[in-house]
Amino acid sequence: FEIREDPAGFEDPDYDDSNWERVPYPRYAHGGERRAGEHLYLRREVEVGSFERAVLDVETVRPSGDLYINGRHITNLDRHPARVDVTEALEPNTTNLVAMRVNPHDTGSPNSSHHMSVDTHSSWFAGLTTLELTGRQHIEDVFVYTTDIDDPANLRLEIETRGDGDAFGGRIVARAYPWYPDESDEPAGQISGPVTFSESAETVLDLQIPDPMLWTVHTPRLYKIHIILEDEAGTPVDDKVVTTGLRTVSQEGGKFRVNGRSTMLNGPLIFGHYPPLERIAQWMFSPPPEKYVEQILGVQRMNGNLFRMSVHDNWTNSGVSDRRLARMADQLGMMFMWQTPAWAREGPVDEYDLEGLPKYAKDVRNHPSIVMWQPSNHPSPYVSWENEVLEILESVDQSRLIAPVSKTREGWLSWVPWEEWPDDVPYDESWWDHPLLARGTMEQTFGYGKDWTPIRMLGSGHEGMVDALPDQERLRYLNSDTHAFFDFESEESISQPNWELHRGQPRYKVFSYEYYYDEGSIGRRLETDEWKESQAWQALTAAEGYRKKRWLGYSGTSWCPLRGGGNTATYMKPAVDYENHVKLAYHAMAMIYQETLAGSKNVSLVYGPNDDIPVIAMNLGEAKSVEVQVTARSLAGGEAVETRFGDVYLPAGQQVVELGNWKPDLEPGYYAFEYTISEP
């Protein structure tokens, strides 16, 4: 046990906090049922010089709290990003005390069937907080995004300046410096322009950068943009620095593109459940930073490039928008479908946080790692909510795709029977053709107990074989020349972990609600001593499902989720277990996510004696010439027969090249087919 100091008067500068603990990392979270009902008290002494204006920039306070300066209560805070004017409360040229009290959080009734924890006391914390000291005329906000990646590249700067009402005239100077991975003091480009305002002004400048170093997941290069507000005499009045990458996101020709090149967004969902179990609620929305790095590197080792955010502890208005995670991904080379804390999992959108959505988006919109906004999962459609979401996000950012929901019109409407639709509420479908819309659905071809038939029929044009989306509609979306098409949550077959690695844990040999899936997909429920067979089945479905979606032209696939922890660590779908041990499906996805891949354009597991094997090669990277060797081996490992396709040219981007048919001369039996790609 521990004896705690009485927090009464904690906001007073004279309060003795010598026995208090230091927070171990910024954005430190409290939580868990052992801490139920406890407030989080935070104090920070700040040495302050002279200033005319002081603003505290607060990323978020979850769920809510109080801000104090030098013992004075300033305001109540909530989850929305806030810029709090503390000019009158802060004393110049001395030490000031900034204090916060964060209220405890409790989601109420546990709902472990929706991938949450039965511990409902999840993550209360104060987000990253910065004190800004400026003059009366200052730079309030900067949005930077790339409009052209040619040489020179063009970086558009949207700069908001503010004043106290007195007339101001001067200019804005902007310089771009290489910053990561190699920092330079020599500007790569600069521009200036006049500005006049009394209360506020919006200035747009186009900063050109010769010999641009583009941001990609393989080369996550970043620039530091230094923006200076000068008066008429050229004296600096205020400045602001942002870091960003030169990259564009688009979907010309119906393909997802980064810097104009078609590619796929491949990776898992992030659920936010971190071990050990007693920390699962505390760390859910604000874990130690190494938990984020661990997952990013894990996905990169899986040859993935994407995280789809799906952190939630209830059905509506529950998500994360952690500045730390975006900063890490910018430098490590990872892309995100970003959720924001206005995110809704399912159910009605009546209480959706439309007010907070643009605030959250503005807070992280300078990060190149975020390539798509996805402000919901699959809620119930009402009125024209999806149009509202599109309009709100487009108003603050035109540089990314937007996916209001993760299901198609047909799949989404299937959640609300037409007989329950209000007669006086028209359904507006104009959102489906919005130029920034990211179209997609949740295929779950192998998920929820499906057998092998759906993957064989996927893309064949047959109706009613996969989920709620008619296959003819699916093919039409895949063949669109205006919009890409994503599988936002896919496959989801289950597999048991290696139980020996979980012996002695309360989750040992415990299934969640998915226990019956084996009966539909395999034909019977696998026992716990068959965990290897279970992992083999999941790996097989991952490999065959994702391989086919590559040749069908999907612009992305998202496994749900990366690691275990959902349903109080009993969830069976993840590719990595709760203790961070990878399953066989992880390796299968690493194989299929390779930029260059060869295989059969056939997902059947049995070839007849007169069958030809249609051999294809697929590319996601640079253009290249390759040779493809196909070898059929006996299961004992001996080589049986082989063939070779030479001088195969693979164009750059997302491409599929048919190499021809091969009819191996084999005796009936079991064989493993190995496809090897090499340089000529």
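The model is predicted, and the chain in it holds eleven helices and 36 strands. With 680 residues, a compact globule would have a radius of gyration near 26 Å, and the value of 27 Å for this chain agrees with that expectation. Along its principal axes, the C-alpha trace spans about 90 × 60 × 55 Å.

**Overall build**

- Buried residues account for 57% of the 680 residues in the chain.
- Among contacts between residues at least 6 apart in sequence, 73% join residues that are at least 24 apart.
- The accessible surface of the chain comes to about 28,200 Å², and carbon and sulfur atoms contribute 46% of it.

**Nonpolar cores**

- The largest nonpolar core has 76 residues, of which Phe 307, Met 309, Phe 336, Trp 338, Trp 373 and Met 589 touch the most other members.
- Helix H9, which covers residues 531-552, gives the most to this core, with seven residues.
- Apart from this core lies another one, made of 23 residues, including Leu 157, Ile 159, Ala 176 and Leu 207.
- When residues up to four places away in sequence are not counted, the residues that Trp 338 touches include Met 309, Val 320, Leu 325, Val 364, Ile 370, Met 372 and Trp 373, and also Ser 321, Asp 322 and Gln 374.

**The four-stranded sheet**

- Four strands form an open sheet in the order S14-S13-S16-S17, and their pairing is antiparallel.
- The edges are taken by strand S14 (189-197) and strand S17 (236-244), each of which has a single partner strand, so one side of each is left without a neighbour in the sheet.
- From one strand to the next, the twist averages 20°.
- Strand S13 (residues 168-180) runs antiparallel to S14 and is joined to it by nine bridges, and within this pair Gly 169 stands opposite Thr 196 in S14.
- Strand S16 (residues 222-231) pairs with S17 in the antiparallel sense over eight bridges, with Leu 229 standing opposite Asp 238 in S17.
- S16 and S17 form a hairpin with four residues between the strands, where Gly 234 takes a positive phi near 85°.

**The three-stranded sheet**

- Another open sheet consists of three strands in the order S34-S33-S36, with antiparallel pairing.
- Strand S34 (639-650) and strand S36 (671-678) are its edge strands, each with a single partner strand, so one side of each has no neighbour in the sheet.
- The twist in this sheet averages 15° from one strand to the next.
- Strand S33 (residues 624-634) and S36 are paired in the antiparallel sense over eight bridges, and Glu 627 stands opposite Ser 678 in S36.

- Gln 654 lies in the loop between S34 and strand S35 (655-662), and it counts as buried because its relative accessible area is 9%, with the limit for buried residues set at under 20%.
- Although Gln 654 and Leu 620 are 34 residues apart along the chain, their C-alpha atoms are separated by 4.5 Å.
- Leaving aside neighbours within four places in sequence, Gln 654 is in contact with several residues, among them Lys 255, Met 264, Arg 550, Tyr 554, Asn 619 and Leu 620.

**Backbone features**

- Most residues other than glycine have a negative phi, and most peptide bonds are trans.
- A cis peptide bond with omega about 0° joins Asp 151 and Pro 152, and Pro 152 is placed in the loop between strand S11 (138-148) and strand S12 (153-162).
- Pro 275 and Pro 276 are likewise joined by a cis peptide bond, with omega about 0°, and Pro 276 lies in the loop between strand S21 (265-270) and helix H1 (289-301).
- Asn 580, a residue other than glycine, has a positive phi near 80°; Asn 580 is found in the loop between helix H10 (566-569) and helix H11 (584-592), and counts as partly exposed at 36% relative accessibility.
- Asp 647 also has a positive phi, near 50°, in a residue other than glycine; Asp 647 belongs to strand S34 and is exposed, with a relative accessible area of 64%.

Definitions and conventions: Residues numbered from 1 in each chain as written. Predicted model: local features only at pLDDT ≥ 70, side-chain atom pairs only at ≥ 80, totals over all residues. Heavy atoms only, no water. Core = buried A, V, L, I, M, F, W, Y, C linked by side-chain atoms within 4.5 Å. Buried < 20%, exposed > 50% of the residue type's maximum accessible area, 1.4 Å probe, protein only. Helix = DSSP H or I, 4+ residues; strand = E, 2+ residues; numbered from the N terminus. Contact = heavy atoms within 4.5 Å. Pairing = 2+ DSSP bridges. Axes fitted to C-alpha atoms, helices over the stretch in contact; angles between N-to-C directions. Rg over C-alpha atoms; globule rule 2.2 N^0.38 Å. Areas by Shrake-Rupley, 256 points an atom, 1.4 Å probe, with all protein chains shown as cover.
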